[in-house]
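The following note collects points on the local geometry, helix packing and sheet arrangement of the model under review. Each point may be checked directly against the coordinates.

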Amino acid sequence: AEQILASLSEDVRTMVETRPLLEAVAARISQALHIDNVLLLLRDGEQFQTAFAAGAPRLSLPGDAATARLLNRDRTPLRVYMEDRASWIHRERLPAAEIDWLRDTGAELLLPLAGKDELLGIISLGPKRSEEPFSGADIRLLRSVAAQTGLALENSRLTAAVAEEAAQRELLHREVEIAREVQERLFPHILPSIDGIDYGGVCRPAHGIGGDCYDFLLLENGQFAFSIGDVSGKGIPAALLMASLQSALRAQAMSLPRDLGALMAAMNRVLHDSSPDNRYATLFYAQYDPATRQLAYVNGGHNAPFVLRRGEIHRLESGGPVVGLLRPARYSQDVFHIEPGDLFVGYTDGISEAMNASEEEWGEEALVGFLTKHTSPSAAGYLPAIMEAADAFAAGAPQHDDMTLIVVRFL
């Protein structure tokens, strides 16, 4: 019996699954001491519920029962002698319902399964077949088994909690991945061919998904529309707001508005009414008419895009405040005349504010300086070149903002 119980005390240390642990403890105690009545209860909220029973009724015990409080306080086995007036049963003045519970279990010995901070469970052992009382050696071994079982139960709970947290993280990771895929589909992938115009865009979120957006549209009146925006915040909330903003802007653009200031005012109302007070966006929208070479635009608080013409920079700043912050806001459109060879560049602050390890920003001047020296035969060639220049300045320092860029070449 001593060998069996000593071996069990060692074995339970490595068990992390609750059911096999309880079955092993009950079977080995029963085998070692020839006990037919074994009941194991585990804490479940405000009750101790039967987790395993062999030859014993399945009973529960209130978590605040005097028996549970005593086992938790002293962390020692309790012999059950109903007729002994000096025993703990009478000393603790157990209520009649609890005395009935002890009789129903048929317990002769109660063992605490104690964790670090609380009583995790109780082992109730009935009489030996020999009807001999539990000896001092039995008690010492059973106390060791109960202590190791309590530690194993706590490890089991921690393992289950870690597994659950890992599963939740995996689920969250998958949800983020789905959100990223959905967001990626919102960006234009098929660019309609337009005579005299070469264009492209790229977005690199800082954390898988982000709040930047860009779009290109060929309108029914033959005009070419494009936009770039940056929603405040990061992650899924910003991505959801960005998706709402982009869909609303597409709907406004498809209605062929004559006044882009009114279009931006409508966008401002939509964003203000559908988002929290601390959410807003910067947004630039333009429509180019190939017949007149006029570029009508409105800038809602966005980093001013610019047109590079023979080494000179023309910033497109006219418009109004950021979108969605104040409901009554006025916007005005402006018109810029495009000449052959002009290069339009729109960007979010993740580009101009790319930082190196010393927290120095790349800056708009560096962006402009790079473009005055760098040429590419296509818009698609400018995109990676600008990104690489910003990355070279950052020199591996982590970036905390989305980086988005659109380039339009007027041939």
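Helices here are DSSP runs of H or I with at least four residues, and they are numbered from the N terminus. The model is a predicted one, and the points below should be read accordingly.

1. Helix α3 and the residue after it. Helix α3 covers residues 66-74, and its buried residues include A66, T67, A68, L70 and L71. An α-helix has 3.6 residues a turn, so residues three or four places apart point the same way. Directly after α3 comes R75, with a positive phi near 55°.

2. Backbone at R75. Most residues other than glycine have a negative phi. R75 is not a glycine, yet its phi is positive, near 55°. The residue belongs to the loop that connects α3 with β4 (78-79).

3. Backbone at L256. A positive phi is also found at L256, about 55°, although this residue is not a glycine. L256 lies in the loop between α7 and α8 (260-274). With a relative accessibility of 31%, L256 is partly exposed.

4. Packing of α7 against α8. The two helix axes approach within 10 Å and cross at roughly 145°. The crossing is right-handed. On the α7 side the contact involves L241, L245, A248, L249, Q252 and A253, which meet L263, A266, M267, V270 and L271 of α8. Sorted by class, this contact comprises 10 nonpolar residues, 1 polar residue and no charged residues.

5. Q246 within α7. Helix α7 spans residues 235-254 and contains Q246. Which residues does Q246 contact, leaving aside neighbours within four places in sequence? They are L186, C213, Y214 and D215. The relative accessible area of Q246 is 5%, so this residue is buried.

6. The loop residue L59. L59 sits in the loop between β2 (47-54) and β3 (61-62). Its relative accessibility of 21% makes L59 partly exposed. Not counting residues up to four places away in sequence, L59 touches L41, F48, Q49, T50, W101, D104 and T105. By contrast, L59 and R409 are 80 Å apart, C-alpha to C-alpha, with a sequence separation of 350 residues.

7. The five-stranded sheet. An open sheet of 5 strands has the order β7-β17-β16-β12-β13, with antiparallel pairing. Its edge strands, β7 (197-204) and β13 (312-315), each pair on one side only. On average, neighbouring strands in this sheet are turned by 20° against each other, direction ignored. Strands of a sheet pair through backbone hydrogen bonds, either parallel or antiparallel.

8. The β7 and β17 pair. Strand β17 covers residues 403-410 and runs antiparallel to β7, with 8 bridges joining the two. In this pair Y199 stands opposite V408 of β17.

9. Helices across strands. Which strands does helix α10 (residues 364-373) lie across? They are β12 (306-309), β13 and β16 (343-347), and α10 runs at about 35° to β12. Helix α11 (residues 379-394) lies across β7, β16 and β17, at about 145° to β17.

How values were computed. Residues numbered from 1 in each chain as written. Predicted model: local features only at pLDDT ≥ 70, side-chain atom pairs only at ≥ 80, totals over all residues. Heavy atoms only, no water. Buried < 20%, exposed > 50% of the residue type's maximum accessible area, 1.4 Å probe, protein only. Contact = heavy atoms within 4.5 Å. Axes fitted to C-alpha atoms, helices over the stretch in contact; angles between N-to-C directions. Left-handed = near helix turned anticlockwise from the far one by under 90°. Nonpolar A, V, L, I, M, F, W, Y, C, P; charged D, E, K, R; others polar. Pairing = 2+ DSSP bridges.
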